[in-house]
Amino acid sequence: MGFKCGIVGLPNVGKSTLFNALTESAAAQAANYPFCTIEPNVGDVPVPDPRLETLADIAKSAQVLPTRLTFVDIAGLVRGASKGEGLGNKFLAHIREVDAIAYVLRCFEDTDVVHVDGKIDPVADADTIETELMLADLESLERRVETLEKKARGQDKEAKQALALIERILPLLRDGKPARFAEISDEERQLFRTLGLLTAKPVLYVCNVDEASAATGNDFSAKVEARAANEGAGCVTISAKIESELAELDTEERKAYLAELDLAEPGLNRLIREGYKLLDLITYFTAGPKEARAWTIPKGTRAPQAAGVIHTDFETGFIRAETIAYDDYVALGGETGARDAGKMHLEGKDYVVQDGDVLHFRFAN
């Protein structure tokens, strides 16, 4: 099961530098000119989770396998992308393929790095990105209305439902508000997803600051944080330059460099975790002598579907899940201690897996 978070931004905001550091590679050619990234670069990254190492120590696991998240570095957007300017159509098509979007915003001054608008204003940059996505959504929905109206007159129930939903979203877009601000009922959620709207995707604001502001942020990032708080969106402050330098160091050198910068951890760890949270994902674990492993599932997943992430046979033949809460597993020294203390529970098909559960599945071959 793959989850993709797209990294977008105007040209020259440090987007590809961030992606390179994120994947610890030079997959995305970082350069000081627009459209350096043309085809999207894709990188799988491990999700940092100290719980996994703790479980591995207790279970004496030979291997430790973290869960992973896919980041997609998408070509820099320019004003007019919705009308095909720059790499507009390709840009928009690539965004449609991701599950969530990280807006990388330039929050640093540097006369050696040009800005496409000639000034540093991260909130205005965010507006530029959002406007282009809203215009593309507006055009997409307006094209569908006439066809749906004809079907609705013919008493097509699904067309009526889609039309009613679209007629609620269109005024929002025309008023300059993204589709994710629409009030959608649980019954409408699936239909809403099928509309494939760019501005329906959850957003994370990433403030790319100078090295001196990595620990505390600056005036630019403060404005973005205020916007994110107002929207209920996520926000991460990070220095792409520092992260690219950290990517080239070994473990001990990283620790020393982070301490020197007064940083508790790499900013990328926070970015990955926020991207994970943005997608409304949780982690469950399997642990034994062979391996300790983290598995990604959407919040609210039931036990058989969680088992299916390991192998489809586990889902189709699901019988029971042996479940131990992470805290109990650690406090009681592992599976045997948890079982003896009555903290291992047998759960059936309706059990909703919780973040941190340590699971063992029983299934019929």
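D127, E130, R180, R227 and E231 are joined in a network of salt bridges, a salt bridge being a side-chain nitrogen of Lys or Arg within 4 Å of a carboxyl oxygen of Asp or Glu. In general, side chains of opposite charge can pair when their charged atoms come close. The structure holds 19 salt bridges.

A word on the basis of all this: the model is predicted, so local features need pLDDT of at least 70 and side-chain atom pairs count only at pLDDT 80 or more, while totals for chains, interfaces and linings use all residues. Residues are numbered from 1 along each chain as its sequence is written, and side-chain values use heavy atoms, leaving out hydrogens and water.

| Salt bridge | N to O distance |
|---|---|
| K15 and D73 | 2.9 Å |
| R51 and D49 | 2.8 Å |
| E335 and R339 | 2.8 Å |

Helices (H or I, at least four residues) and strands (E, at least two) are DSSP runs, numbered from the N terminus. K15 is buried at 5% relative accessible area, and D73 is buried at 0%. Here buried means under 20% relative accessible area, exposed over 50%, and partly exposed in between (1.4 Å probe, protein chains only).

E335 and R339 sit 4 residues apart in helix α14 (residues 335-340), which means about one helical turn separates them. E335 is partly exposed at 31%, as is R339 at 42%.

R51, buried at 19%, brings us to helix α2 (residues 50-59), where R51, L52, L55, A56 and A59 are buried. These residues lie on the same side of α2 because they cover an arc of only 135° around the axis, taken from the directions from the helix axis to the C-beta atoms. The face turned away from that side carries the exposed residues P50 and D57. Among the elements covering the buried residues are β3 (63-65), β8 (281-287) and α13 (326-331). Just after α2, K60 takes a positive phi of about 50°.

Now to the nonpolar cores, sets of buried Ala, Val, Leu, Ile, Met, Phe, Trp, Tyr and Cys residues joined through side-chain atoms within 4.5 Å. In the largest, of 51 residues, L69, F71 and Y103 touch the most other members. Strand β5 (residues 100-107) gives the most to this core, with 7 residues. Apart from it lies another core of 19 residues, including M134 and L195.

Note on methods: Contact = heavy atoms within 4.5 Å.
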